[in-house]
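This report describes selected local features of one protein model. Please consult the sequence and the structure shown below while reading.

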Amino acid sequence: MCKLIGDKKKFKLLDSDPTIKREEKLIRLINKLKRENRISDSLHTKIRPTGSRPSRLYGLPKVHKKDYPFRPICSSIGSYNYNLASELSKIISPFATNEYTIRNTFTFVAQLQELRFDDCYLVSFDVSSLFTSIPLDQTIEITLDVLYKDRSQINGLSRPDFKKLLVIATKETHFKIDGVSMACPLAPVLANMFMCYLEHQMFTN
């Protein structure tokens, strides 16, 4: 892990801890949204940070791979934007699906049992480092396009307001990586949003 973050081409040590400054910035924004009745009192309470601390980086060994490489996990529990990411994830989750999405393993098995294996192939594709591979800016726009396709507001939030909150929840973190952090509550939801978009593009063509 020290070797990973010691790569000077990818990472640099911050001069100071930006936790308090970023916490205050988020509080100012959501207080403004509340004053203007653009978010509910309950949502304001849920996403308002207090006593925030920096995220923590640790590694999980991939025991099934050669030399046991570590998967970096950035735990954001207690960070200034963790509760915000959690609440946005709940709003987006119902939209992060398509006709190719399988609900659970029971559904998958049931669908397999209906297939005739004498005239079809079962193929498995895997995305390498999915969460850190998704193009975050594009995925945010894809998400907003889906959410606001037939509406001007969702949970009282306009598209520009929702985008501001999404950017804070995903991009304005102390430890910056490509894509979205594996420990961020929004990671699986945004990954699903992008994969649904990618599947639609592929199968349409």
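## Serine 89

Serine 89 has a relative accessibility of 10% and therefore counts as buried (under 20% relative accessible area; exposed is over 50% and partly exposed in between, with a 1.4 Å probe and protein chains only). Serine 89 is part of helix H4; helices (H or I, at least four residues) and strands (E, at least two) are DSSP runs, numbered from the N terminus. Apart from neighbours within four places in sequence, serine 89 is in contact with Pro185, Leu186 and Val189, where contact means heavy atoms within 4.5 Å.

## Basis of the values

This is a predicted model, in which local features need pLDDT of at least 70 and side-chain atom pairs count only at pLDDT 80 or more, whereas totals for chains, interfaces and linings use all residues. Residues are numbered from 1 along each chain as its sequence is written, and side-chain values use heavy atoms, with hydrogens and water left out.

## Helix H8 and its surroundings

Helix H8 spans residues 159-170, twelve residues in total, and reaches 16 Å from its first C-alpha to its last. This is close to the expected 16 Å at 1.5 Å a residue, the expected span being 1.5 Å times one less than the number of residues.

The buried residues of H8 are Asp161, Phe162, Leu165, Leu166, Ile168, Ala169 and Thr170. Their cover includes helices H2 (19-35), H4 (82-92), H7 (136-147) and H9 (187-204), together with strands S3 (153-154) and S4 (157-158).

## The crossing of H7 and H8

The axes of H7 and H8 come within 11 Å and cross at roughly 145 degrees. Axes are lines fitted to C-alpha atoms, for helices over the stretch in contact, and angles run from 0 to 180 degrees between N-to-C directions.

On the H7 side, the contact involves Leu136, Ile140, Glu141, Thr143, Leu144, Asp145 and Leu147; these meet Arg159, Phe162, Lys163, Leu166, Val167 and Thr170 in H8. The residues of this contact comprise seven nonpolar, two polar and four charged (Ala, Val, Leu, Ile, Met, Phe, Trp, Tyr, Cys and Pro count as nonpolar, Asp, Glu, Lys and Arg as charged, and the others, Gly among them, as polar).

## Aromatic pairs

Three aromatic pairs are found in a search of the whole structure. Rings of Phe, Tyr and Trp (its six-membered ring) pair if their centres lie within 6.5 Å; planes under 30 degrees apart count as stacked, over 60 as edge-to-face and the rest as tilted. One of the pairs joins tyrosine 100 and phenylalanine 203, which are tilted at 35 degrees between the planes and 4.6 Å centre to centre. Tyrosine 100 is in the loop between H4 and H5 and phenylalanine 203 in helix H9, so this pair links parts of the chain 103 residues apart. Tyrosine 100 is partly exposed at 37% relative accessibility, and phenylalanine 203 is exposed at 54%.

Another pair is formed by tyrosine 148 and phenylalanine 162: the ring centres are 6.2 Å apart and the planes stand at 75 degrees, so the pair is edge-to-face. Because tyrosine 148 lies in the loop between H7 and S3 and phenylalanine 162 in helix H8, the pair ties together parts 14 residues apart in sequence. Both tyrosine 148 and phenylalanine 162 are buried.

## Positive phi angles in loops

Aspartate 67 is not a glycine, yet its phi is positive, near 65 degrees. Aspartate 67 occupies the loop between strands S1 (56-61) and S2 (70-75) and is exposed, with a relative accessible area of 64%.

Serine 129, also not a glycine, has a positive phi of about 50 degrees. Serine 129 lies in the loop between helices H5 (105-113) and H6 (130-133) and is partly exposed at 44% relative accessibility.
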